[in-house]
Each structure stands twice: as C-alpha cells, then as structure tokens.
Number of protein chains: 4
Amino acid sequence: MKINPQDLILLCTEEGRTYLVEVSKKNFQTHRDNFDLEGLIGKPFGSVLEGAKGSRAFALKPTIYDFLMKLKRVTQIIYPKDIGYILLRLNVGPGKTILECGTGSGSLLMAFSYAVGPEGRVISYEKEKRFQNVAKENLNRFGLAERVVFKGEAQEKFDEKEEVDAVFLDLKTPWDLLEAAWQALKPGCPLGILLPTANQVSETLKAMEKLPFAGTEVLEIMLRFYKTNPERFRPEDRMIGHTAYLLFSRKIVEA
Amino acid sequence: MKINPQDLILLCTEEGRTYLVEVSKKNFQTHRDNFDLEGLIGKPFGSVLEGAKGSRAFALKPTIYDFLMKLKRVTQIIYPKDIGYILLRLNVGPGKTILECGTGSGSLLMAFSYAVGPEGRVISYEKEKRFQNVAKENLNRFGLAERVVFKGEAQEKFDEKEEVDAVFLDLKTPWDLLEAAWQALKPGCPLGILLPTANQVSETLKAMEKLPFAGTEVLEIMLRFYKTNPERFRPEDRMIGHTAYLLFSRKIVEA
Amino acid sequence: MKINPQDLILLCTEEGRTYLVEVSKKNFQTHRDNFDLEGLIGKPFGSVLEGAKGSRAFALKPTIYDFLMKLKRVTQIIYPKDIGYILLRLNVGPGKTILECGTGSGSLLMAFSYAVGPEGRVISYEKEKRFQNVAKENLNRFGLAERVVFKGEAQEKFDEKEEVDAVFLDLKTPWDLLEAAWQALKPGCPLGILLPTANQVSETLKAMEKLPFAGTEVLEIMLRFYKTNPERFRPEDRMIGHTAYLLFSRKIVEA
Amino acid sequence: MKINPQDLILLCTEEGRTYLVEVSKKNFQTHRDNFDLEGLIGKPFGSVLEGAKGSRAFALKPTIYDFLMKLKRVTQIIYPKDIGYILLRLNVGPGKTILECGTGSGSLLMAFSYAVGPEGRVISYEKEKRFQNVAKENLNRFGLAERVVFKGEAQEKFDEKEEVDAVFLDLKTPWDLLEAAWQALKPGCPLGILLPTANQVSETLKAMEKLPFAGTEVLEIMLRFYKTNPERFRPEDRMIGHTAYLLFSRKIVEA
C-alpha cells in the first residue's frame, strides 16, 4: 500500500474538503494551501502532508464512493444514496451481466462495472457520443473500462434477448423502452428506472400496467449530513432536497 | 433459468406481498390464497401461478435485496437503504477483505459477502453464539457462508493487523474498538459505524478526535415509498422514521 | 383555573397517552387503569390522579392542538403540522374573515375559528350534510360554533364577492373552484389548497396558469417525533410519510 | 383595500421573488428591473406594475408570513414551519398571555403578538439590548408593538407567577429557566422549547425529569418546496436540512 507516482489519491484537508488528484501532478493547490505531492511517493496511503502555509492534509486511498463524487460531469449524475440502493435492488454483484440505458456521465455505470467484477459485464446504451466519451474517460481513470460494452442509441429494441440479469433505464421517456427492457431481461429478473419528475412516474406506471411486469415499487431516498461537533451534534443547515424517484419492478412470463 | 425443486423463489402476489419460499415446500399459503408450488418445476422464473381461490402470484428470482428483507431476525437488522450506501463508502467490491463487528442477524454480512465475490473474504466478530448461528443459517440459505470467517468476541483487539480494506462496527459501544479498527485497517482505508442514538454519535465523535482518523462524516438516510396508482401518485401514508445514524471516516498514518 | 364538573380535560398517562375527556364522565378507563374523575372537581388543572391500579395520570388543560388531535373524524383530517403553517400563509388572525371549502370533519375549521377570535368569521362550504354535522359537533365542544357560517355545496361560485381575507380549498377537484375563490378574495390576498396527490397538484397548477394568481408555491411538511430518553435520544421508529401537498398563491388584479 | 402612500406591499416578480417594501419609497430596484411605486397609490392591492425594462410585478398585501420571512435579522430566526406548529401546541390565540425568553430578532414574538390580538399580551425577555431594539423595530413595522411587554435578562426567575397561558424558551441553556417557566405558567398549561442541537435536547430532558412536567414530546419539522411546472412536478433540488428540535411539555401540580 505504498503510494506510486502514477497513483490517484483522495487529498482530504483538515476541514474535510476532498480532492481526487494524481500524485504525478507534483503540486496541488487547494483553496487555502499548496501541497507538494512528490513527497508522498513511497509512503503509505493515509500519510499526512504539510502544506506551504502550514495546514495539513491526508493522502487517502480513493474508494468507489470518491470516484462517484469526483467524476467528470456533463449531465446530471446519479448519487451514491441512490446508486447503493439500486445495486441491491438489481442484484448487481460479481459475475452478473447488467444493461443500462443511457450512459450519461457514467456514474451508475462506474458503480455497476466495479460491482460485477472482472467476470461480469455491463452493456451501456447512449445516443450522445460526447456523453459516451466522458463516461469512458471516467471509467478509464478507475481502470474499469474493460468490463463495459458501449453501444449507441437504442431504437425500440436492445440487441440482448433474455440474457441480462438486470436492466436500468435513465432517460427522459423510459416508457418507450419498457418492451425492449422486458425482452432483454432473463425471466423473473429486476428492472430499475430513474425518474426525476412525478409526471414521468405516472406516465411510466401507466405504461407498465399493460406489460408483463410485477411487484412494482416507487420510492425516494433522502440523505441528510450532520455536523460532527460532538458537543453540538445536529443536522447540517442545508441538504439536497431531491435527486429522483426510483422505480423497481420484475419481468414476469405469462404462460 | 428453469426452476428446480430445491430452488428458492420470491413469491409475489398481485397486491405486491412477497414471500421467500422453497419450491420443495410444494404448497404455500399466503394470507389470501393457497399455491401449489410443484407446478413451477421446469418452468422459467417469472412464471405465473394461479391459486386455489383464483388469485395470481409470480415466481420471481430472489435478489440479494429480497434475502436482506426476508432473512431470519434475532436482532435489529440493517436495512437496504443503509446497506447500499455502506457498500459504496467502504469500497466493498470483488476481491476485497472486509471486517465487521458484530454480526447480529447477519444482514450486512450477507451483503458484504455477496459483494466481495468468491475471491473476497469477510471476517465477522460476534460475542453472542446464538446470533452467529442465525447469521450462518441466513448465509447458507443464499450460498455465501464460504466467504465468511466467523470469530467470537473482540476484546480490545482484532486478530487482523493492517490487512483489511474496510472495517464496519455495529455494537453498543463502538468507541471501545476504535483503536482495534485502526490497527486492522490498511492505511488510508475506510471505517464505517452504525449508531442508533445521537448520544452514541457524540460519544464516538469525541473518542475519534484523539485518534488518527480523518474525513469523518455523519449522516442519516430516509426512504419513502410511494403508492403506485398512476392517477393518484403520492407517498405512502406511513414510513420508517429512523433506523440509525451512519458515521464514516478513514485511517490516517502520522509520520 | 379550578376544574369544574362540566370541563373537558386532557388526561395524560405516565407513558404519554392522552385522552380528551369530560370530568362529568366521573370514571374513565384507559387501556391500563381506571381513573375517578370526580376527585378532580375544585382542584387546579395539572393535578395528578391516581388510578385504581396505582398508575398516575395528569389532568391537563386542553389546547387547540389537543382538540385538533382528538376531534371526531368522518373524513381524512388535516394535521397540526400543516394547519399551523396554513394559518401563517393565509394570514389568519383576530378579526379576519376566512372562507373554506369543504368542511370535512372540521379540523382546519376549528383552528381557523379559534384564530380569528370573537370578532372574526369563518365561512365553510360542504356538500355532505353528515360531515357538516360532525364538524358542528366538534366546534360546539370547544365553544367555537358561533364564529362559523356553514353553507352547503358551492356550485361554481361562492356567495362572497371581494370580501374575504383568505380562501382555503380542500376538495377533490379544486380547479373547479379557482375562479370562485378569485372572486371571493379581496385583491392581493392569499389562497391555499390542500392536494393529496401529485396529479392533483399538476392539474391545479395547469388551471392556475390561466388565471390571475401570482407567487404560487407548492410544498410539503414532514414531522418526525423523537424518543424522549435523554440517554438514548433518537427519532421514533415510525412516522407519518405523507398527509398532503400544500399550494399557496395570491389573487392579483389585472388593470 | 386601496393602496395608500404609507402602506407596505409585498412586491412579487414574475419569477416569484418577493420584496417587502414601502410605497413611499417611490422607486424600487429589483435584481432585474426598476419599478415606480407611486403609480400604485389609489389602486387595489394585487395590482400589476410594469417595470422600466418591461417585466411585471405584483403589489400583494403582506401577510404575517411575509413579515416573518422579511424581518430584519440580527440572530438566527425561527421559521414559519416551526412557528405555525408552536402556535397550536402553545394554544396561542386571541386574548391569551404568552411569555417568551429570549426575544432574538423577534420572529416568534411577531407571530405571538399577531395571534393574541388586541386583547392579548406577550411578555418577552431578552438580555441583549440590541436584539430587543431590532425586535421592536420589526414589531413597529407591522403595528404590533403595543401588545408586547419587553423585559431584560431573566435571572433564575420571571416576574410572572401562575399567570401566563404558555411559555416558550429559546436560549442556549433552557434548563436554567425550567423552574422559572414552571412558576410563571398557569397549572396544566404548555411549555415549548427550541433546541438547535441534540446535546441540548438530552440536557433539557434530563433536567425536566426532576421537575413537575408531563406529556413531554420532542420533534422536528421539515419543509420541502416543489417546482411549480405542472408538466415537470418535482421537489426543489435543495432544501433547509435543519432549523431546530422542538420540545413541548405541560406543567403539572403535585398534591
């Protein structure tokens, strides 16, 4: 666990600000101090750095959470509070094959490809070439690109037939791809959908009523951070009020 | 994906009630109908069953989420809304080594052992033998027991030294094991703690201030289900108000 | 502040259960004990009662909050978390004239009539005669009926023209009465609407876009109780997940 | 309801921004346009103003809610979501006598004095003279100062003995004034306390256990605004995460 020149570290300041940065950058400017990263080489992760102005920072080992929070964004991303729950609902784990549409900046894709492991596979559809490129960049940084098959726009159908363990839809009109999702899914397996607005939820629920899906649930997840002063423990003054509604269902097979 | 006699299915009724049940049970009584499970053998997952009273149910393929919701409980369990987020914060993925204390009914352990895959390992400490037995039973049902090393009470120290990728503490007085957690962790790696009460959070934060940890955050996650009538979309009338506060931090290494 | 035979008291047990009960009942059975209420006569509010089985209870002075929580219900009621906020948004205070439609069980009406005082007036429309009767009963119990004018179904128009300080709508299709509300309101004054479902909110917002209203806001209020053990301070396990969305706007006057 | 030169109006822009402004100011600059207020004189409230750059704004009649949101602040204020609920729990209504400590910027005081009406009275203790002055200024602007008796620091005791209908405490160490609150209250009547941190709640609950109070409840209220686009109905991205915990209890009288 020694830090190498080409490693990424999560630089964490004393106030708790974090930066995902390459050690090869040599020098890093936070909003309050300047840190010489070369001194980290050969030291263990977790080492303390002293800045030019005397403040301290810590060279932490980046986790998948850090990558999700720090990835390059060209679209609204999906957040860890939602991603963690999606992983469990879609049964994403080592060796699974997961299909998502669309890729966006690749935040969910990064988590999927991390979780399926080297034996698993993620197929990701996206019509915007520039989103796909950003997602690839993000995946490469974390060494996960090999597990992913990128595809272009999904027009009514996916290439996959009864062969994926789960499908996730994140696009404006998911109702257009519900039949495609059904066909791609192995029988009895889960579908997840991200829906920013209540109108989209209603529209999707209406469309699903006519299709062979069962066990549909809709929910939202709220996360509230707390101040960490032990003598004055209380929630942060501001929080995220909304990211999206999540819908989960399962493919069924009528006789 | 044909159903075998020894398989587990998630039986989901038309109203959305779910039951994790073995096909070998042959016959299953829900609160409203009676289902002959033998007819499922050789059929695909997702197949529709007709009950003796004419209602329908679906034989879904159980996911890790279903196992988490349906496991045998002898203690307060940890819920998917928290577990999914913990997985990401602790960087739990294929091939990782994770240490948890205590085991409880094994809900988090089940998710950990699923996520680390066959190459990974989870070490789980628990002083109550009967909790351990229930956790083993739960793991066996999902075929995950092999990835887990069970240990008894952790007295001030864990056996592991600078060798685990993450530590999670779920016990009444986690401050007693902070130093032990620090020693077990690889440098720069994450620690997670589950804390039901605000008093425990304050106590833990106070203890951590004196130890080499950085980037500490405390938060809570709330999940609200919605009714799925597309013409009357709205949240469920009742929801879970609290499970626990979650604390995350990282081991640092002073020079 | 001595208790009289015809008084209502809020009987509060040691565990915090509360009952709104008339002293004239003489004897009151809680779920755990039996209390002789006659002994309270001539004693101050707040007095302690000892039950037949030795438990204690307290004879508190009922507040408007207690009346709201304990009123007789024939419909879904509006809760204090929402009512308190509605009072402020609608500027309900001594001497004001408020119009509401429909009455329901009269919970909001009770709060309105309490807040406008003896100089104020509340006009309440309700098409269901039996709801109106229950609301009257509830108001009489708290001595507020004199401030209220009950009316039957509002068909497209209210009787009032530019004369009320605020309007509140609580009915299934509030969009049918938006013009009526506009006509009843004094210029520049507030309108409030209670909407259980997201579909109703959308429908109402659509209808309002074509009418002379401004400053429209939509919101929801969530209340979470906490356990009161000082050594184990934490939220209650369960909470109300949803009552309704609230919409507020103001009448404007185009030249 | 014609606008007079000395009136206050709530100027509401088309985007929903609001400003509490005196018509006598003649000219008002929003962040996007410039409005000539003199043209409003003699017109009804709710009238539409056209700005120099062609945008529109509405001259609404200010409500108590508007005054609470727009008052001059020198301290953390209490917000309408909490104030409305406090009014109901403390039974604040026409003719009541309410005691609060401390005054702060006077937000709760403004709501109390509005709600008790001309027959009621509010006694407000505050040790900081400059906070008191700001509160007076805020009250004068809304014409409510006459109903309020200002007092200086409360040292262990209030002047009032068994004569107030409710007490509200908003200070750092409310446990110092619990006995004082008990003495000031009429028997059986409610006490409310605002507590920003969990530690303060625990401390207060501990102190209350030894005093004759009953029916204690602790809670928090969360408010989430929604975007008002009917085709894309959904919560705002950001919300207030915390203002304070609220504690309510009642004075009891041991024999």
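Two salt bridges link chain C and chain B. This is a predicted model. One of those bridges joins the side chains of Glu220(C) and Arg224(B), at 2.9 Å from N to O. There are also 17 residue pairs in polar contact between chain C and chain B, with both residues at pLDDT 80 or more. On the chain C side, the elements that give two or more residues are α6 (198-209), β12 (213-227), β13 (234-235) and β14 (238-240). The largest share of that side comes from β12(C), with four residues. By class, the side of chain C that touches chain B holds 10 nonpolar, four polar and eight charged residues.

How much area does this contact bury? About 1900 Å² is buried between chain C and chain B. Carbon and sulfur atoms give 46% of that area. The contact takes 22 residues from chain C and 22 residues from chain B.

Strands also meet across this boundary. Strand β14 (residues 238-240) of chain B pairs with β14(C) in the antiparallel sense. Three bridges join the two. Ile240(B) has Arg238(C) as its bridge partner in β14(C). Strands of a sheet pair through backbone hydrogen bonds, either parallel or antiparallel.

Now turn to chain B and chain A. Here the contact takes 70 residues from chain B and 70 residues from chain A. The buried area is about 5700 Å². Carbon and sulfur atoms give 66% of it.

Six salt bridges are counted between chain B and chain A. In one of them, the side chains of Arg224(A) and Glu220(B) meet at 2.8 Å, N to O. The polar contacts between chain B and chain A come to 25 residue pairs, both residues at pLDDT 80 or more.

Which elements of chain B touch chain A? Those that give two or more residues are β1 (8-13), β6 (56-60), α1 (64-70), α2 (80-89), α3 (107-116), α6 (198-209), β12 (213-227) and β15 (245-251) of chain B. The largest share, 13 residues, comes from β12(B). The residues on this side of chain B divide into 42 nonpolar, 12 polar and 16 charged.

Within it, Arg224(A) stands opposite Glu220(B). The side chains of Arg224(A) and Glu220(B) also form the salt bridge described above.

Next come sheets within single chains. In chain C, four strands form an open sheet in the order β2-β1-β6-β5, with antiparallel pairing. The edge strands are β2 (18-22) and β5 (48-50) of chain C, and each pairs on one side only. The twist from one strand to the next averages 35 degrees. Strand β1 (residues 8-13) of chain C pairs with β2(C) over five bridges, in the antiparallel sense. There, Leu8(C) has Glu22(C) as its bridge partner.

Chain D has an open sheet of four strands in the order β2-β1-β6-β5, with antiparallel pairing. Why is one side of β2 (18-22) and of β5 (47-50) of chain D left without a neighbour in the sheet? These strands stand at the edges and each has a single partner strand, so one side of each stays without a neighbour there. Neighbouring strands of this sheet are turned by 35 degrees against each other on average, direction ignored. Strand β1 (residues 8-13) of chain D runs antiparallel to β2(D), and five bridges join the two. Leu8(D) stands opposite Glu22(D) in β2(D).

Finally, look at the loops. In chain B, a cis peptide bond joins Cys101(B) and Gly102(B), with omega of about -5 degrees. Gly102(B) is found in the loop between β7 (97-101) and α3 of chain B. In chain C, Cys101(C) and Gly102(C) are joined by a cis peptide bond, with omega of about -5 degrees. Gly102(C) lies in the loop between β7 (97-101) and α3 (107-116) of chain C.

Glu162(A) is not a glycine, although it has a positive phi of about 50 degrees. Where does Glu162(A) sit? Its place is in the loop between β9 (148-151) and β10 (166-169) of chain A.

How values were computed
Residues are numbered from 1 along each chain as its sequence is written. Chains are lettered from A and ligands numbered from 1 in the order in which they are written. Side-chain values use heavy atoms; hydrogens and water are left out. Contact means heavy atoms within 4.5 Å. Buried area is the accessible area (1.4 Å probe) that two parts lose on being put together, summed over both. A salt bridge is a side-chain nitrogen of Lys or Arg within 4 Å of a carboxyl oxygen of Asp or Glu. A polar contact is a pair of N or O atoms within 3.5 Å; within protein, one must be able to donate a hydrogen and the other to accept it, and residues adjacent in sequence count only if both atoms are side-chain atoms. Ala, Val, Leu, Ile, Met, Phe, Trp, Tyr, Cys and Pro count as nonpolar, Asp, Glu, Lys and Arg as charged, and the others, Gly among them, as polar. Two strands pair if DSSP finds at least two bridges between them. Axes are lines fitted to C-alpha atoms, for helices over the stretch in contact, and angles run from 0 to 180 degrees between N-to-C directions.
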